Amino acid sequence: MKHKVLQLNPILIPEINERLQALYEVHRYFEVADPEAWLEAHGATTQAVITGGHTGISRQMLERLPALKVVAINGVGTDAVDLAYCRARGLPVTATLGALTEDVADLALGLLIAACRNLCAGDRFVREGQWELFPQPSAIPLARRFSGMRLGIVGMGRVGRAVAARAAAFGCPIAYTDLQPMADVPHRFVSELIELARESDALVLCAAADKAEGIVDAAVLEALGPRGFLVNVARGRLVNEPDLVAAVEAGRIAGAGLDVFVDEPRVPAPLRGSDRVTLQAHRASATWETRTAMGEMVLASLSQALCGERPPMSLTT
Ligand code: 8YV
(Lines give C-alpha, C1' and ligand atoms only; values in the text may rest on other atoms or scores of the structure.)
Protein backbone atom coordinates (compact mmCIF):
# COMPACT_ATOMS: atom_id res chain seq x y z
CA MET A 1 0.00 0.00 0.00
CA LYS A 2 1.39 3.38 -0.98
CA HIS A 3 1.35 6.24 1.51
CA LYS A 4 -1.22 8.91 0.77
CA VAL A 5 0.36 12.30 -0.01
CA LEU A 6 -1.58 15.52 -0.42
CA GLN A 7 0.01 17.95 -2.85
CA LEU A 8 -1.38 21.46 -2.46
CA ASN A 9 0.41 23.23 -5.30
CA PRO A 10 1.72 22.21 -8.72
CA ILE A 11 5.35 21.10 -8.95
CA LEU A 12 6.89 22.25 -12.22
CA ILE A 13 9.61 19.62 -12.68
CA PRO A 14 8.14 16.59 -14.52
CA GLU A 15 10.76 14.21 -13.14
CA ILE A 16 9.93 15.16 -9.56
CA ASN A 17 6.22 14.59 -10.24
CA GLU A 18 6.96 11.22 -11.82
CA ARG A 19 9.02 10.10 -8.85
CA LEU A 20 6.39 11.29 -6.39
CA GLN A 21 3.71 9.41 -8.27
CA ALA A 22 5.81 6.25 -8.53
CA LEU A 23 6.41 6.21 -4.77
CA TYR A 24 3.15 7.53 -3.33
CA GLU A 25 -0.56 7.82 -3.85
CA VAL A 26 -0.43 11.52 -4.70
CA HIS A 27 -3.61 13.58 -4.47
CA ARG A 28 -3.34 16.90 -6.29
CA TYR A 29 -5.59 19.15 -4.24
CA PHE A 30 -5.40 21.99 -6.77
CA GLU A 31 -7.18 19.69 -9.26
CA VAL A 32 -9.79 18.38 -6.81
CA ALA A 33 -13.29 19.48 -7.84
CA ASP A 34 -14.89 19.20 -4.38
CA PRO A 35 -12.33 19.88 -1.62
CA GLU A 36 -14.82 19.20 1.18
CA ALA A 37 -15.73 15.79 -0.25
CA TRP A 38 -12.02 15.04 -0.70
CA LEU A 39 -11.31 15.89 2.95
CA GLU A 40 -14.22 13.69 4.09
CA ALA A 41 -12.92 10.78 2.05
CA HIS A 42 -9.14 11.12 2.51
CA GLY A 43 -8.40 13.59 5.33
CA ALA A 44 -8.12 10.94 8.04
CA THR A 45 -5.69 8.74 6.10
CA THR A 46 -3.38 11.31 4.52
CA GLN A 47 0.16 10.96 5.80
CA ALA A 48 2.09 13.75 4.15
CA VAL A 49 1.46 17.20 2.76
CA ILE A 50 3.54 19.05 0.21
CA THR A 51 2.91 22.76 0.09
CA GLY A 52 4.54 26.00 -1.12
CA GLY A 53 6.53 28.50 0.94
CA HIS A 54 4.17 31.43 0.65
CA THR A 55 0.98 29.39 0.35
CA GLY A 56 1.56 27.06 3.31
CA ILE A 57 -1.37 25.30 4.92
CA SER A 58 -3.98 26.59 7.35
CA ARG A 59 -4.31 25.27 10.87
CA GLN A 60 -7.93 24.28 10.14
CA MET A 61 -6.71 22.13 7.26
CA LEU A 62 -3.99 20.56 9.42
CA GLU A 63 -6.65 19.68 11.98
CA ARG A 64 -8.52 17.78 9.27
CA LEU A 65 -5.40 15.64 8.63
CA PRO A 66 -4.84 13.73 11.92
CA ALA A 67 -2.56 11.01 10.47
CA LEU A 68 0.03 13.41 9.08
CA LYS A 69 3.67 12.48 9.55
CA VAL A 70 5.19 15.45 7.77
CA VAL A 71 4.48 18.84 6.21
CA ALA A 72 7.07 19.30 3.48
CA ILE A 73 7.33 22.92 2.38
CA ASN A 74 8.56 23.17 -1.20
CA GLY A 75 10.08 26.53 -0.40
CA VAL A 76 11.99 28.36 2.26
CA GLY A 77 9.32 30.51 3.92
CA THR A 78 7.64 29.02 6.96
CA ASP A 79 5.36 31.99 7.62
CA ALA A 80 2.26 30.34 6.18
CA VAL A 81 2.43 27.29 8.47
CA ASP A 82 1.59 27.43 12.18
CA LEU A 83 4.91 26.07 13.45
CA ALA A 84 3.93 26.35 17.13
CA TYR A 85 0.89 24.17 16.50
CA CYS A 86 2.95 21.61 14.53
CA ARG A 87 5.60 21.57 17.26
CA ALA A 88 2.96 20.92 19.92
CA ARG A 89 1.56 18.13 17.77
CA GLY A 90 5.04 16.62 17.24
CA LEU A 91 4.59 17.05 13.51
CA PRO A 92 7.77 17.56 11.48
CA VAL A 93 7.74 20.56 9.14
CA THR A 94 10.55 20.71 6.62
CA ALA A 95 11.60 23.47 4.22
CA THR A 96 14.08 23.58 1.38
CA LEU A 97 16.51 25.79 3.27
CA GLY A 98 19.50 26.83 1.21
CA ALA A 99 18.18 25.48 -2.09
CA LEU A 100 16.93 28.75 -3.48
CA THR A 101 19.37 31.27 -2.00
CA GLU A 102 21.40 31.88 -5.16
CA ASP A 103 18.40 32.26 -7.44
CA VAL A 104 16.60 34.67 -5.16
CA ALA A 105 19.74 36.77 -4.79
CA ASP A 106 20.26 36.72 -8.56
CA LEU A 107 16.73 37.97 -9.11
CA ALA A 108 17.13 40.70 -6.48
CA LEU A 109 20.10 42.08 -8.38
CA GLY A 110 18.32 41.58 -11.70
CA LEU A 111 15.32 43.54 -10.48
CA LEU A 112 17.50 46.28 -9.06
CA ILE A 113 19.50 46.68 -12.26
CA ALA A 114 16.27 46.53 -14.28
CA ALA A 115 14.74 49.25 -12.11
CA CYS A 116 17.83 51.52 -12.14
CA ARG A 117 18.42 51.16 -15.87
CA ASN A 118 14.73 51.19 -16.92
CA LEU A 119 15.25 47.91 -18.74
CA CYS A 120 11.55 47.09 -19.10
CA ALA A 121 10.61 50.54 -20.38
CA GLY A 122 13.59 50.37 -22.76
CA ASP A 123 12.49 46.96 -23.99
CA ARG A 124 8.98 48.25 -24.65
CA PHE A 125 10.37 51.31 -26.46
CA VAL A 126 12.19 49.09 -28.96
CA ARG A 127 9.55 46.36 -29.15
CA GLU A 128 6.71 48.79 -29.87
CA GLY A 129 8.62 50.51 -32.70
CA GLN A 130 9.03 53.76 -30.74
CA TRP A 131 12.76 53.91 -31.43
CA GLU A 132 12.16 54.27 -35.16
CA LEU A 133 9.56 56.97 -34.54
CA PHE A 134 11.71 58.87 -32.01
CA PRO A 135 15.36 58.07 -32.84
CA GLN A 136 16.84 61.04 -30.97
CA PRO A 137 18.64 59.97 -27.74
CA SER A 138 16.52 62.34 -25.64
CA ALA A 139 13.46 60.19 -26.31
CA ILE A 140 14.47 57.89 -23.43
CA PRO A 141 15.18 59.45 -20.03
CA LEU A 142 18.62 58.85 -18.56
CA ALA A 143 18.82 56.00 -16.08
CA ARG A 144 20.70 55.67 -12.79
CA ARG A 145 24.02 53.86 -12.31
CA PHE A 146 23.83 50.67 -10.29
CA SER A 147 27.55 50.06 -9.71
CA GLY A 148 28.62 51.75 -6.50
CA MET A 149 25.08 52.33 -5.19
CA ARG A 150 24.77 52.32 -1.41
CA LEU A 151 22.77 49.21 -0.65
CA GLY A 152 20.66 48.67 2.46
CA ILE A 153 19.81 45.03 3.00
CA VAL A 154 16.83 44.27 5.20
CA GLY A 155 17.29 40.77 6.66
CA MET A 156 20.82 39.37 6.66
CA GLY A 157 19.98 35.68 6.41
CA ARG A 158 21.06 33.40 3.59
CA VAL A 159 19.50 35.52 0.84
CA GLY A 160 20.65 38.84 2.32
CA ARG A 161 24.22 37.57 2.48
CA ALA A 162 24.07 36.27 -1.10
CA VAL A 163 22.77 39.67 -2.26
CA ALA A 164 25.60 41.37 -0.36
CA ALA A 165 28.23 39.12 -1.97
CA ARG A 166 26.95 39.95 -5.44
CA ALA A 167 26.58 43.67 -4.77
CA ALA A 168 30.12 43.84 -3.35
CA ALA A 169 31.39 42.78 -6.78
CA PHE A 170 29.62 45.85 -8.21
CA GLY A 171 31.47 48.09 -5.76
CA CYS A 172 28.35 48.79 -3.69
CA PRO A 173 28.90 49.91 -0.09
CA ILE A 174 26.63 47.66 1.98
CA ALA A 175 24.80 48.18 5.25
CA TYR A 176 22.07 46.06 6.76
CA THR A 177 19.43 45.82 9.39
CA ASP A 178 18.15 42.76 11.20
CA LEU A 179 16.95 41.90 14.69
CA GLN A 180 20.54 42.21 15.87
CA PRO A 181 24.04 42.70 14.46
CA MET A 182 25.70 39.51 13.24
CA ALA A 183 29.26 38.80 14.29
CA ASP A 184 30.08 36.95 11.07
CA VAL A 185 28.79 39.69 8.73
CA PRO A 186 31.46 42.23 7.73
CA HIS A 187 28.96 44.93 6.75
CA ARG A 188 27.73 47.89 8.78
CA PHE A 189 24.72 47.21 10.99
CA VAL A 190 22.05 49.91 11.28
CA SER A 191 19.48 49.17 13.95
CA GLU A 192 16.68 51.40 12.61
CA LEU A 193 15.16 50.65 9.22
CA ILE A 194 14.36 54.32 8.67
CA GLU A 195 18.03 55.21 9.23
CA LEU A 196 19.10 52.51 6.80
CA ALA A 197 16.63 53.86 4.22
CA ARG A 198 17.98 57.40 4.69
CA GLU A 199 21.56 56.21 4.13
CA SER A 200 20.80 53.95 1.15
CA ASP A 201 20.31 54.40 -2.58
CA ALA A 202 18.47 51.08 -2.67
CA LEU A 203 16.75 48.97 -0.04
CA VAL A 204 16.60 45.24 -0.73
CA LEU A 205 14.06 43.28 1.31
CA CYS A 206 15.25 39.76 2.14
CA ALA A 207 13.62 39.32 5.55
CA ALA A 208 11.12 36.78 6.82
CA ALA A 209 7.71 38.41 7.17
CA ASP A 210 6.64 36.78 10.45
CA LYS A 211 7.25 39.74 12.72
CA ALA A 212 7.81 42.45 10.18
CA GLU A 213 4.48 43.20 8.54
CA GLY A 214 4.23 46.64 6.94
CA ILE A 215 7.71 47.75 8.11
CA VAL A 216 8.33 49.55 4.83
CA ASP A 217 5.78 52.33 5.17
CA ALA A 218 5.40 55.93 4.03
CA ALA A 219 8.05 57.18 6.46
CA VAL A 220 10.63 54.62 5.32
CA LEU A 221 9.88 55.35 1.66
CA GLU A 222 10.17 59.06 2.35
CA ALA A 223 13.56 58.41 3.96
CA LEU A 224 14.65 56.36 0.92
CA GLY A 225 13.78 59.42 -1.13
CA PRO A 226 13.21 60.39 -4.76
CA ARG A 227 16.57 58.91 -5.87
CA GLY A 228 16.03 55.67 -3.97
CA PHE A 229 14.97 52.23 -5.22
CA LEU A 230 13.13 49.45 -3.42
CA VAL A 231 13.52 45.74 -4.22
CA ASN A 232 11.37 43.05 -2.63
CA VAL A 233 12.14 39.35 -3.12
CA ALA A 234 10.85 38.31 0.32
CA ARG A 235 7.17 38.81 1.15
CA GLY A 236 4.73 41.41 -0.13
CA ARG A 237 3.41 42.19 3.30
CA LEU A 238 6.76 43.53 4.51
CA VAL A 239 5.63 46.60 2.59
CA ASN A 240 2.62 48.77 3.27
CA GLU A 241 1.42 48.46 -0.32
CA PRO A 242 -0.90 51.50 -0.38
CA ASP A 243 2.05 53.60 0.90
CA LEU A 244 4.25 52.15 -1.84
CA VAL A 245 1.64 52.87 -4.51
CA ALA A 246 1.36 56.47 -3.29
CA ALA A 247 5.16 56.90 -3.24
CA VAL A 248 5.54 55.49 -6.76
CA GLU A 249 2.70 57.59 -8.14
CA ALA A 250 4.08 60.79 -6.60
CA GLY A 251 7.71 60.04 -7.55
CA ARG A 252 8.67 60.03 -3.87
CA ILE A 253 10.92 57.05 -4.68
CA ALA A 254 12.79 56.58 -7.97
CA GLY A 255 11.59 53.07 -8.63
CA ALA A 256 11.01 49.54 -7.45
CA GLY A 257 11.66 45.95 -8.47
CA LEU A 258 9.03 43.65 -7.02
CA ASP A 259 8.66 39.88 -7.11
CA VAL A 260 6.14 39.63 -4.27
CA PHE A 261 2.89 41.37 -3.36
CA VAL A 262 0.41 41.53 -0.53
CA ASP A 263 -2.45 39.75 -2.29
CA GLU A 264 -0.90 37.59 -5.00
CA PRO A 265 -1.68 37.26 -7.84
CA ARG A 266 -3.39 40.65 -7.60
CA VAL A 267 -1.00 43.53 -8.17
CA PRO A 268 -2.29 47.08 -7.64
CA ALA A 269 -3.13 48.69 -11.00
CA PRO A 270 -0.97 51.80 -10.37
CA LEU A 271 2.09 49.54 -9.98
CA ARG A 272 1.21 47.67 -13.16
CA GLY A 273 0.86 50.97 -14.99
CA SER A 274 4.09 52.58 -13.80
CA ASP A 275 7.33 52.64 -15.76
CA ARG A 276 9.15 53.18 -12.47
CA VAL A 277 8.31 49.65 -11.41
CA THR A 278 9.68 46.32 -12.68
CA LEU A 279 7.42 43.41 -11.84
CA GLN A 280 7.75 39.65 -11.58
CA ALA A 281 5.15 37.02 -10.67
CA HIS A 282 6.79 35.59 -7.50
CA ARG A 283 9.35 33.72 -9.56
CA ALA A 284 12.61 34.23 -7.70
CA SER A 285 13.14 30.50 -7.16
CA ALA A 286 11.62 29.42 -10.47
CA THR A 287 14.60 27.97 -12.32
CA TRP A 288 15.05 24.37 -13.41
CA GLU A 289 18.09 24.04 -11.18
CA THR A 290 16.51 25.34 -8.01
CA ARG A 291 13.11 23.75 -8.44
CA THR A 292 14.84 20.40 -9.09
CA ALA A 293 16.95 20.80 -5.94
CA MET A 294 13.84 21.78 -3.97
CA GLY A 295 11.94 18.76 -5.32
CA GLU A 296 14.79 16.47 -4.27
CA MET A 297 14.62 17.89 -0.75
CA VAL A 298 10.86 17.38 -0.60
CA LEU A 299 11.29 13.76 -1.76
CA ALA A 300 13.95 13.22 0.92
CA SER A 301 11.71 14.67 3.66
CA LEU A 302 8.82 12.46 2.64
CA SER A 303 10.86 9.29 2.48
CA GLN A 304 12.45 9.97 5.88
CA ALA A 305 9.22 10.86 7.64
CA LEU A 306 7.19 8.08 6.08
CA CYS A 307 9.82 5.50 7.10
CA GLY A 308 9.29 6.65 10.67
CA GLU A 309 12.51 8.67 10.89
CA ARG A 310 12.71 12.27 12.03
CA PRO A 311 13.57 14.23 8.87
CA PRO A 312 16.92 15.96 9.56
CA MET A 313 15.47 19.07 7.90
CA SER A 314 12.61 19.27 10.39
CA LEU A 315 12.12 22.69 11.94
CA THR A 316 9.62 21.59 14.56
CA THR A 317 10.62 18.21 15.98
C1 8YV B 1 8.47 29.69 -3.72
C2 8YV B 1 8.69 31.16 -1.60
O3 8YV B 1 8.08 30.26 -4.92
O4 8YV B 1 10.25 29.63 -0.76
C5 8YV B 1 9.41 30.46 -0.52
O6 8YV B 1 9.09 30.76 0.63
O7 8YV B 1 7.98 32.07 -1.37
C8 8YV B 1 8.94 30.86 -3.00
O9 8YV B 1 10.28 30.96 -3.30
C10 8YV B 1 7.35 28.83 -3.42
O11 8YV B 1 7.30 28.40 -2.15
C12 8YV B 1 7.40 27.66 -4.37
O13 8YV B 1 6.65 26.65 -3.94
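Author: Strand β10 (residues 229-232) runs parallel to strand β11 (residues 255-258), and four bridges join them. Two strands count as paired when DSSP finds at least two bridges between them. Helices (H or I, at least four residues) and strands (E, at least two) are DSSP runs, numbered from the N terminus. V231 stands opposite G257 in β11.

The model is predicted: local features need pLDDT of at least 70, side-chain atom pairs count only at pLDDT 80 or more, and totals for chains, interfaces and linings use all residues. Residues are numbered from 1 along each chain as its sequence is written.

Now the sheet around that pair. In general, strands of a sheet pair through backbone hydrogen bonds, either parallel or antiparallel.

Next, helix α8. It covers residues 158-169, twelve in number. From first C-alpha to last it reaches 17 Å, close to the expected 16 Å. That expectation is 1.5 Å times one less than the number of residues. The buried residues of α8 are V159, G160, R161, A162, V163, A164 and A167. Buried means 20 or more other C-beta atoms within 10 Å of the residue's own; exposed means 12 or fewer, partly exposed is in between, and C-beta atoms are placed from the backbone. Strands β6 (151-154), β7 (174-177) and β9 (202-205) are among the elements that cover these residues, as is helix α5 (101-116). Contact here means C-beta atoms, placed from the backbone, within 7 Å. Just after α8, G171 takes a positive phi of about 70°.

P270 lies in helix α12 (residues 269-272). P270 is partly exposed because 14 other C-beta atoms lie within 10 Å. Leaving aside neighbours within four places in sequence, P270 is in contact with V245, V248 and E249.

Last, the ligand. Around it are N9, G52, G53, H54, N74, G75, V76, G77, L100, H282, A284 and S285. The test is a C-beta atom, placed from the backbone, within 6 Å of the molecule. This shell has three nonpolar residues, nine polar and no charged. Ala, Val, Leu, Ile, Met, Phe, Trp, Tyr, Cys and Pro count as nonpolar; Asp, Glu, Lys and Arg count as charged; the others, Gly among them, count as polar.

Notes:
Two residues are in contact if their C-beta atoms, placed from the backbone, lie within 7 Å.
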